[in-house]
Protein chains: 2
Amino acid sequence: MRPYSAYDSDTCSIARTLALIGDRWTLLVLRDVANGVRRFDELASHLGIARNVLSSRLARLAQAGLVERTAYREPGERERHEYRLSGPGRELIPILLAFMDWGDRNLAGPEGPPAVIRHAGCGARIRVALTCEEGHELGERPRLRMEPGPGSKVRSSGLPNGR
Amino acid sequence: MRPYSAYDSDTCSIARTLALIGDRWTLLVLRDVANGVRRFDELASHLGIARNVLSSRLARLAQAGLVERTAYREPGERERHEYRLSGPGRELIPILLAFMDWGDRNLAGPEGPPAVIRHAGCGARIRVALTCEEGHELGERPRLRMEPGPGSKVRSSGLPNGR
DNA sequence: CAGTATCCCAAGCGATACTG
DNA sequence: CAGTATCGCTTGGGATACTG
């Protein structure tokens, strides 16, 4: 069986996702949009991001289909635009919550976490968990095994340095 | 009730975590280390990362306590070093799996996912899921509510632009 | 093999000015 | 208000050379 490093690093869902949203600002933009910050200026002001950068991030997210840019008009007002998560965009929420969970546990001060996520229906806290499709409980230190999938790609090691 | 944008953007577990591991390479380094790639040269070669950058990332991760750098010596060999995830580092695994899950669903080609994670015990696939502490099932589009926690911080809007 | 140090470049970012 | 365009800088990163 091949070692992990025999497989191409870029042909990996983590690497691919990172290439799309793995820069300094994108995840924070998505966090804000997920929390109902919908207008350009409000995003810019809350995040403290440069306007051109925000513009380019929103454009990329819209093109990738993670965010929808829609026009609307409140009575008496002129037309405005707003940004919302699309379907695939909402599927990113576990990523945001996984970051939040880790930060809460490892980087929060003694006061406690800066924010709490609750189930809107019952008010209980939401957590990110790993589940086994057989239904087994996975404790704190689950034993995982990674194996190549159908889309795996072995590294073409023709070049001198194996790249 | 204050809108989300009234709270400081940096005082957020997502922002804090991102400040630590949210650059172009760190998560990939962690992915490799989590998969048993333990030696410097193997990491450098597999990732295609510049050696100085790898060096600085590993140093930061070691200092933050996410990765442990240990010396060891195989019989007859000279001393070597290896990198492994520490306890807090292993807690990052849900983040990695959340990225992987999203990429599998949204960025994989028709062949299927490049890799599969299984429960070492039973061989069933592992998924990332959101759970409610009351035990409610959370479907595809769970209704979540974010509320300020004890460590929340309202934006100090003394400056002209509200920063 | 396992790094560290140096050099240089380019992407990414911030500030600002401008347009609908 | 909601962006786009331009400019200049800073920093992250790549290549390479060097040391234990």
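Predicted model: local features only at pLDDT ≥ 70, side-chain atom pairs only at ≥ 80, totals over all residues.
Chain A brings 87 residues to the contact and chain B brings 88. Between them, about 8100 Å² is buried, with carbon and sulfur atoms giving 63% of that area. Three residues, A:Phe99, A:Trp102 and A:Pro114, supply 10% of what chain A buries against chain B, more than any other three residues.

Polar links also join the chains. There are 39 residue pairs in polar contact, counting pairs with both residues at pLDDT 80 or more, and 4 salt bridges. A salt bridge links A:Arg127 and B:Glu133, whose closest N and O atoms are 3.2 Å apart. Several elements of chain A give two or more residues to the side that touches chain B, including helix H1 (13-21), helix H2 (26-34) and helix H6 (93-106). H6(A) gives the most, with 13 residues. By class, this side of chain A has 44 nonpolar, 21 polar and 22 charged residues.

S5(A) runs antiparallel to strand S3 (residues 115-119) of chain B, over 5 bridges. There, A:Pro148 has B:Ala115 as its bridge partner.

Now to the DNA. Around DNA strand C are 18 residues, and among the closest are A:Arg57, B:Arg39 and B:Arg51. The nearby residues divide into 9 charged, 5 nonpolar and 4 polar.

Terms used:
Residues numbered from 1 in each chain as written. Chains lettered and ligands numbered in written order. Heavy atoms only, no water. Near = heavy atom within 4 Å. Nonpolar A, V, L, I, M, F, W, Y, C, P; charged D, E, K, R; others polar. Contact = heavy atoms within 4.5 Å. Buried area = accessible area lost by both parts, 1.4 Å probe. Salt bridge = Lys/Arg side-chain N within 4 Å of Asp/Glu carboxyl O. Polar contact = N/O pair within 3.5 Å; in protein donor to acceptor, adjacent residues only side chain to side chain. Helix = DSSP H or I, 4+ residues; strand = E, 2+ residues; numbered from the N terminus. Pairing = 2+ DSSP bridges.
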